[in-house]
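Please have the sequence and the structure open while you read.

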Amino acid sequence: MSEVVDSHGHDDHDHGPDKGLARWLFTTNHKDIGTLYLWFSFAMFLIGGVLALGIRAELFEPGRQFFEPEFFNQLTTNHGLIMVFGAIMPAFVGLANWLVPMMIGAPDMALPRMNNLSFWILPFAFGMIISTLFMEGGGPNFGWTFYAPLSTTYAPPSTTYFIFAVHMMGASSIMGSINIIATILNMRAPGMTLMQMPLFVWTWLITAYLLLAVMPVLAGVVTMMLFDIHFGTSFFNAAGGGDPVMFQHIFWFFGHPEVYIMILPAFGVVSQIIPTFARKPLFGYDSMVYAVASIAFLSFIVWAHHMFTVGLPLAGQLFFMYATMLIAIPTGVKVFNWTATMWKGAMTFETPMLFAIAFVILFTIGGFSGLMLAITPADYQYQETYFVVAHFHYVLVPGAAFSIIAAVYYWLPKWCGRMYDERLGKLHFWLSFIAVNVTFFPQHFSGLAGMPRRIPDYAVQFADFNMMSSIGAFAFGLSQVLFLYIVVQAIRAGKPAPARAWEGAHGLEWTLPSPLPYHTFTHPPKVTAAEMHS
Amino acid sequence: MSVNKPCKGIRRLPFALGALLVLWSGVALADELNMRPGVTTISQSIFELHTIVLWICVVIGIIVFGAMFWSIIHHRKSSGHKPAQFHENTRLEILWTIVPTVILIVMAFPSTKTLVQMYDTSSPDMIVEVRGYQWKWQYKYLDENRNPAFSFFSILSTPIEERHNEVPKGEHYLLEVDEPLRIPVNKKVQFLVTSEDVIHSWWVPDFGLKRDAIPGTMNDIWAIVPTPGVYRGQCTELCGKDHGFMPVVVQAMEQDDFDAWYAERVEAQKERAALESMSFTADELMTQGEAVYTKYCASCHQANGQGVPPVFPALAGSPIATGDRDEHIARVVDGVAGTAMQAFGSQLSKAELAAVVHFERHSWGNNAGDLTQPVDVANVMAGN
Ligand SMILES: [Cu+2]
Ligand SMILES: [Cu+2]
């Protein structure tokens, strides 16, 4: 590290970025890379969203509307893959890039060149995934969970590209998480203890370890698929002595922690925002940290709750049911803590706070349906129905995605030194809030009434709920165009924002001037207890 | 920044969220919005579990969200509230860790009890093997000695015109089959669930039964159905193109009716065997062949024989369907390992195989100019 700082020269710490395209291609600056990640994930959010609108258009009414079943399966699969791996995960990495160094008083990420590489892999990985849609035989059509043997013996020829793309995404995530861990452990400003770190930094530290633990497992499982498809092995082929259920064990050993990879940083974001607008320190900082750590630990021993219907032995079912129920305890602690933080504060409700409050409530509703799904006998009735679709969309859309939107509104004044239009921000919130519920709430009902997920057509009794969902989905999609407008407008012509953009904000990032210099904290800041509270 | 102005919008938040909560509790109240209690004791215990957890969630939701709304309304800066600075309270934190733990332990007891009952597959009165195929179910009835008595396929019967909105949709659109699984009432019926190709999942909501059909694995589940009637469900594991089009329909019958039907099926099985030694005219083969093709082959190779290349090849003009006849028969009998082309030799009778091969060789412009008889199929099979 010290070499890099030295080579910058001693007299000029404020030299700006390169000009033109070279700035973005060769940048090693955490702010630029954070920006790249965020714009990339927003582009993926729009593409994944268009696929979702394709799904909702097809399901607007019973009967075939626009697409053949074969293409419909490609829509659901690619919607899931792009949203999970292309939108949510890179958005959080983008936030980490922007915020972790500024929150811990570091000049940059620990490994800036690897940082550049881990971003630039992604456009190629997703370019490859999207290109499969135009190949002969079509793109991946086996669901984002790609269960074998549908994804091996019975898969379209493009599956090999899909496997390669997953490897690339995995490499990117692993590099990103190594970088985040190295930065947090080595580069905190002198005097900042672990238990003084902002919660966003804590949640990302734990998330990065989760990523390190499970991305190689994902790489392993797709490699086994590759061997089954091309090299005559039978890992997942029953006729050759393999076992399709083993695929699911390995996939969900990755997949369940993956779920928390997408929500722990969201917990961190919300834990930064609520204290600011309540003007009151976060309630139960220590228990928040322990709760995140226990959720991360439990995430490794609950994977088979995604597999309650495959016919595990009774003892296995009971173990995974009890372990899953336990997750409700630390999750409950977090929700109670957020509520207690608001209690007796002096609250104002700017856009980031609105999204954060909606996060707490709607994520909790997703948590409730999660608890219901944990009850194994009841799960037989919910499994693979729209009830599950409603559940995970509640935790991912008004959950993870709302937290990302909240983070953008909250830190945008710091990032670009300009304020967004508060009235439009509130409008965006209300449109999104109403639309997201119109979209996903009815799906609880269609699921309970017996509608399976991933079907291109459905029995007539599900018609009303599906039409509501479709209308909501289009409204939600359009609202996000407003979001794009608000952000662009703020960057180009927003009113200048003060260094501490929010009255109640604490944390080292707010001690930096606005607009931000290209390099910050080239000299470590003084860490005071007052600044670190929250 | 508008921190000092009271924001009107936020006042609506509690009401919007309150409305949501009412909706959520509506799940528990309104029948048509809720899970079906079903007809078996198992499905009814599941329904009770579902109702208990749902109410626990509603009550916790009311308390937590209630506290949040209270503070949103009363602890706002615009109404002059000064922020307190407390940030911990050990007693409270212990309390809200212990209370949920106790609630979960209480929930675990009835859940465990129901699960143990579901796993008690001992001493069935009758056994049916349920086998998933892309995209149909096969039901194989086993006799007292666990030998197959007879079997048949159960395939979606909704006409394609309804799916393409060319004619009005029927009452049981997509939930109807050509022949349902039939079982007697008040008997413990065991289902052995497995698959021939990819993973499917066999679900009858009214029985509280759902189990994945997995190649290479036999899963066993059971049901005692007390009331006669037709019960409908669907495949619930993504199994490819027509995953949405393989319904599960079960008809529970009074014992006498069931016995009569069962005897009839055993008889029909014998007659089917007699057909194997007959010869047919070209017209007979074409009519019979078209019926078999529509039912068993058209989902992949399409009614017009064009297939969905490159995954499902066209049969119109295919070198196999226009070339050597025995090779064509062999392809249909043995399938192609490692592809979606199944081995139909174990699914169809020799008469049906002969008819469908003849049909394929003389449709969509194919004109092989030969005849395929059951005995030819028998010869190819014997040659294997
Ligand atoms: Cu299926
Ligand atoms: Cu299916």
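Is Phe251(A) buried or exposed? In this predicted model, Phe251(A) has a relative accessible area of 1%, so the residue is buried, since buried means under 20%.

Over all chains, the structure holds 76 aromatic pairs. In one of them, the ring centres of Phe247(A) and Phe251(A) are 6.0 Å apart and the planes meet at 10°, which is under the 30 degrees that counts as stacked, so this pair is stacked.

Both residues belong to helix 8 of chain A, which covers residues 244–261, and they are four residues apart, about one turn of the helix. Phe247(A), with a relative accessible area of 0%, is buried, and Phe251(A), at 1%, is buried as well.

## A pair between distant parts of the chain

Another aromatic pair, formed by Phe267(A) and Trp338(A), is edge-to-face, with 5.5 Å from centre to centre and 65° between the planes. Phe267(A) lies in helix 9 (residues 264–278) and Trp338(A) in helix 12 (residues 328–342), both of chain A, so that the pair links distant parts of the chain, 71 residues apart. Both Phe267(A) and Trp338(A) are buried.

## Charges over rings

Within chain B, the charged end of Lys210(B) sits over the ring of Trp203(B), 4.0 Å from its centre.

Notes. Residues are numbered from 1 along each chain as its sequence is written. Chains are lettered from A and ligands numbered from 1 in the order in which they are written. This is a predicted model: local features need pLDDT of at least 70, side-chain atom pairs count only at pLDDT 80 or more; totals for chains, interfaces and linings use all residues. Side-chain values use heavy atoms; hydrogens and water are left out. Rings of Phe, Tyr and Trp (its six-membered ring) pair if their centres lie within 6.5 Å; planes under 30 degrees apart count as stacked, over 60 as edge-to-face and the rest as tilted. Helices (H or I, at least four residues) and strands (E, at least two) are DSSP runs, numbered from the N terminus. Buried means under 20% relative accessible area, exposed over 50%, partly exposed in between (1.4 Å probe, protein chains only). A charge sits over a ring if NZ of Lys or CZ of Arg is within 6 Å of the ring centre and within 35 degrees of the ring normal.
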